[in-house]
Amino acid sequence: MRIVILGAKGGIGKSTIGLLIAKILLSLGMKILIIDRDMTGYISWLAGIKGKGLLASVIDNEESQYFTKINVRKGTLYVLKFYGDGPRLTKDVHLFSRQDIAKRVK
């Protein structure tokens, strides 16, 4: 199952809704992967990921903790910080269109 939460405006509760849905599914014993593609990386920050996201790590050719696993009740929550690096997002997304960068991310 894939659940996507989208919204053009910031501050409307996308992260909160995502976490509430994850909490319910975790209580049912499911494994949940949240891919945090928010510019601010709020869910990643709550999960303890303080470094660069995956895309910025690949572009800068640096190691970073952009993935974490948290055991919650009966389930397991995985969080992948994909973006979340603020002002550099537009530049990074543009670079992601290059085949060499996209290949390294994959």
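1. The side chains of Asp92 and Arg88 form a polar contact at 2.7 Å. A polar contact is a pair of N or O atoms within 3.5 Å; within protein, one must be able to donate a hydrogen and the other to accept it, and residues adjacent in sequence count only if both atoms are side-chain atoms. The model is predicted: local features need pLDDT of at least 70 and side-chain atom pairs count only at pLDDT 80 or more, while totals for chains, interfaces and linings use all residues. Residues are numbered from 1 along each chain as its sequence is written, and side-chain values use heavy atoms, with hydrogens and water left out.

2. Asp92 belongs to helix α4, residues 89-96. Helices (H or I, at least four residues) and strands (E, at least two) are DSSP runs, numbered from the N terminus. Asp92 counts as buried because its relative accessibility is 3%; buried means under 20% relative accessible area, exposed over 50%, and partly exposed in between (1.4 Å probe, protein chains only).

3. Leaving aside residues up to four places away in sequence, Asp92 touches Leu55, Ala56 and Ile59, where contact means heavy atoms within 4.5 Å.

4. Turning to the sheet, three strands make up an open, mixed sheet in the order β1-β3-β2. Its edge strands, each pairing on one side only, are β1 (31-36) and β2 (67-72). Two strands pair if DSSP finds at least two bridges between them.

5. Strands β1 and β3 (residues 75-81) run parallel and are joined by six bridges. Lys31 stands opposite Thr76 of β3.
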